[in-house]
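This briefing is for a reader who is new to the structure. Please look over the sequence and the model first, then read the points below by topic.

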Amino acid sequence: MPFPLRRIPLLAIKEIIKSMDTRAIFFFSLVSKKSANFVMISIPKYSLSAEFIFKENGFLFELMPKDYIKHEVDIIPVFPTTVGNHSLFTRFSFGGLYVNCEWTYFSEVEESIRNLFYNYSRPFKNSKINMKFEAGTKEEFAMEIMRFAWDNGFPLDNIGFRVKNASPESIQELLNRCNEQHMSLHIGTQIPMGFKCTPPPGGYKFKSLSVNYAHWVNLDDFLQCRKVIFTTGFPDLTVEYLNDLLKKIVDVECRLQSFLFQLKSINPTDFTEIVEGLSESEIEQGEDWQELEFERKDGLKLLISLSNGYLDLEDDY
Amino acid sequence: MSVENAPVVDVDEAAIPVEKKMYYRFESNDKKEFRVSELAIQQSETLNRLVEAMGYTSEDVENKPAIAIENIDGKTLKLVFQWCEHHKGEAIPVDDGSVPKIVEIPEFDAKLMDIDNGLLFKLIWAADYLNIVQLLNVSCKKVANMAQGKTPAQLRRVYLLPSDEEDEAAKRAAQEAQDPRAREVEEEFEERKRQGGNSFF
């Protein structure tokens with residue numbers, strides 16, 4: 001005998017959906033628009049984590065509880081199915097906590113991916129949302145998707161922007177509209193050499209910001225971020241600037257507590273001067289590395305190291 | 001304690017308990033009477049507030065009519081009170097917001113809910129109406145477990161979920177029921193279209 005779910009009180013329907021495993025919640029959202037609505041209103045904010053990966057010829061959707069740790073061995077392999085203009089590859093973990101659906105398109109790629117994203121993001125719009133745009137994704141399409149997410153108030157948590165090239169306007173919009181203390185943003189895009197960033201008042205405050213092509217970065221605009229990674233093309237910093245920066249970090253004058261900089265002009269012999277006045281401890285060193293442990297005013301332990309042209313500050317080592 | 005031995009007393013079938021604890025008398029909509037301990041009642045926010053507001057003494061309980069619960073039948077209410085008696089004194093759980101929600105169904109509850117879906121449906125309605133948080137949790141978990149390993153098509157059958165088309169048709173029917181003239185207008189419009197007219201007015 002079936003169970004007439006839609007005839008019980010709304011509170012009970014929500015309880016039932018919340019008690020389902022992730023796979024069942026996902027399938028329930030696919031039954032009808034109304035079922036998708038029930039899922040949307042039942043799932044408490046940030047209780048699930050949804051990841052959308054946009055690829056050159058496809059789309060990947062992952063859904064799991066917020067603290068779920070993915071182990072490949074737990075995931076049941078399923079053979080892909082080909083229907084119409086696409087193939088679909090769906091996998092689940094044992095126990096149904098992890099859902100992974102990957103579509104590969106042979107034609108009408110953007111239109112199909114757009115529809116999938118609109119359909120799949122709506123029921124899970126209260127989840128912690130991660131979005132990644134891989135190298136083959138077009139800039140205009142990626143920004144259209146981002147604007148849809150911003151305009152609909154999606155609780156974005158982690159953005160990976162790896163489209164091959166992007167205009168200064170897109171990068172500026174991405175930086176300014178993602179600028180939240182809980183946000184992680186990775187920009188792996190080649191950015192025009194003339195790009196000048198206009199920071200918001202008070203600077204940026206990302207939880208984590210990683211930039212591959214960092215020729216445009218003025219570090220002073222990013223001192224209120226918790227973690228920054230600036231690599232290729234990152235403008236040179238003087239030894240004095242770096243020593244001042246580390247002292248500001250010790251005195252908790254900025255929020256920065258972890259960084260990785262690729263610095264062309266810094267030599268191994270500069271390390272002593274960079275870390276001067278931070279700690280009584282001795283610098284440890286190996287063949288091609290040097291490091292020093294020191295403490296922030298509030299007791300947070302930090303480790304600064306220089307190795308192969310990379311200056312690295314770690315707060316979790 | 002087994003489900004059968006749970007200390008809910010169906011007055012028609014058994015003697016009145018002689019314990020000195022405070023008991024309350026409730027009556028279902030099919031006139032079945034139950035005596036339920038004060039501690040067991042605390043599992044139900046609705047009943048707890050009700051008896052607090054009434055301020056009954058032990059004598060009132062005996063002399064005044066049983067408290068009527070008008071929208072729950074005796075069979076369902078018996079399950080509810082058996083559950084409340086078994087879990088009396090237990091803390092009311094607080095939802096930590098995790099999904100999937102972690103709910104263990106104890107052996108007693110599993111046996112109590114070894115019932116057909118019709119009665120399970122009524123039990124959920126009763127748990128919601130009487131605001132018995134943990135009974136709602138376990139009964140909803142039992143229903144949620146029905147979804148394990150099912151495809152969307154199977155879920156549609158398990159939970160009697162209408163398709164989008166069926167939902168649309170039901171919405172139209174509801175609108176028409178509210179406004180019978182709307183159907184007449186629509187029929188008139190369709191008729192004129194059939195006759196080749198291009199203007200309705």
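A residue is called buried under 20% relative accessible area, exposed over 50%, and partly exposed in between. By that rule Glu144(A), with a relative accessible area of 27%, is partly exposed. The model described here is predicted.

**Chain B as a whole**

- Chain B contains 10 helices and 4 strands.
- In sequence order, the elements of chain B run β-β-β-α-α-α-β-α-α-α-α-α-α-α.
- Chain B has 201 residues, and 40% of them count as buried.
- About 11700 Å² of chain B is accessible surface, and carbon and sulfur atoms account for 50% of that area.
- Taking the contacts in chain B between residues at least 6 apart in sequence, 65% are between residues at least 24 apart.

**Salt bridges**

- Over all chains, the whole structure holds 23 salt bridges.
- One of them joins the side chains of Lys55(A) and Glu102(A), with an N to O distance of 3.0 Å. Lys55(A) sits in the loop between strand S1 (48-54) and strand S2 (58-65) of chain A, and Glu102(A) sits in strand S6 of chain A, so this pair ties together parts 47 residues apart in sequence. Lys55(A) counts as partly exposed because its relative accessibility is 23%.
- Another salt bridge is made by the side chains of Arg114(A) and Glu144(A), at 2.5 Å from N to O. Arg114(A) belongs to helix H4 (residues 109-121) of chain A and Glu144(A) to helix H5 (residues 139-151) of chain A, so the pair ties together parts that are 30 residues apart in sequence. Arg114(A) has a relative accessible area of 16% and is therefore buried, whereas Glu144(A) is partly exposed at 27%.
- In chain B, Lys122(B) and Asp73(B) form a salt bridge in which the closest N and O atoms are 2.9 Å apart. This pair links distant parts of the chain, 49 residues apart: Lys122(B) is in helix H6 (residues 117-129) of chain B, and Asp73(B) is in the loop between strand S4 (67-68) and helix H4 (74-86) of chain B. Lys122(B) is partly exposed, at 40% relative accessibility, while Asp73(B) is buried, at 17%.
- Glu15(A), Lys18(A), Asp95(B) and Lys101(B) are joined into one network by salt bridges that share partners.

**Surface patches**

- Glu240(A), Asp244(A), Glu273(A) and Glu276(A) form a negative surface patch.
- Ile76(A), Val78(A) and Phe94(A) make a nonpolar surface patch of about 260 Å². Phe94(A) is in the loop between strand S5 (86-93) and strand S6 (99-105) of chain A, and counts as exposed at 56% relative accessibility.

**Two residues of chain B**

- Asp167(B) is part of helix H9 (residues 164-178) of chain B. Asp167(B) counts as buried because its relative accessibility is 15%. Apart from neighbours within four places in sequence, Asp167(B) contacts Arg6(A), Ser32(A), Lys34(A) and Pro162(B).
- Arg157(B) is in helix H8 (residues 152-158) of chain B and counts as exposed, with 57% relative accessibility. Arg157(B) and Glu104(B) are 53 residues apart along the chain, and their C-alpha atoms are separated by 26 Å.

Conventions
Residues are numbered from 1 along each chain as its sequence is written. Chains are lettered from A and ligands numbered from 1 in the order in which they are written. This is a predicted model: local features need pLDDT of at least 70, side-chain atom pairs count only at pLDDT 80 or more; totals for chains, interfaces and linings use all residues. Side-chain values use heavy atoms; hydrogens and water are left out. Patches are made of residues with over 30% relative accessible area and no salt bridge: like charges are joined within 9 Å, nonpolar side chains (Val, Leu, Ile, Met, Phe, Trp, Tyr) within 5 Å. Accessible areas come from the Shrake-Rupley method with a 1.4 Å probe; for residues, only the protein chains shown count as cover. A salt bridge is a side-chain nitrogen of Lys or Arg within 4 Å of a carboxyl oxygen of Asp or Glu. Lys and Arg count as positive and Asp and Glu as negative; His and the chain ends are not counted. The place of a charge is taken as NZ of Lys, CZ of Arg, CG of Asp or CD of Glu. Buried means under 20% relative accessible area, exposed over 50%, partly exposed in between (1.4 Å probe, protein chains only). Contact means heavy atoms within 4.5 Å.
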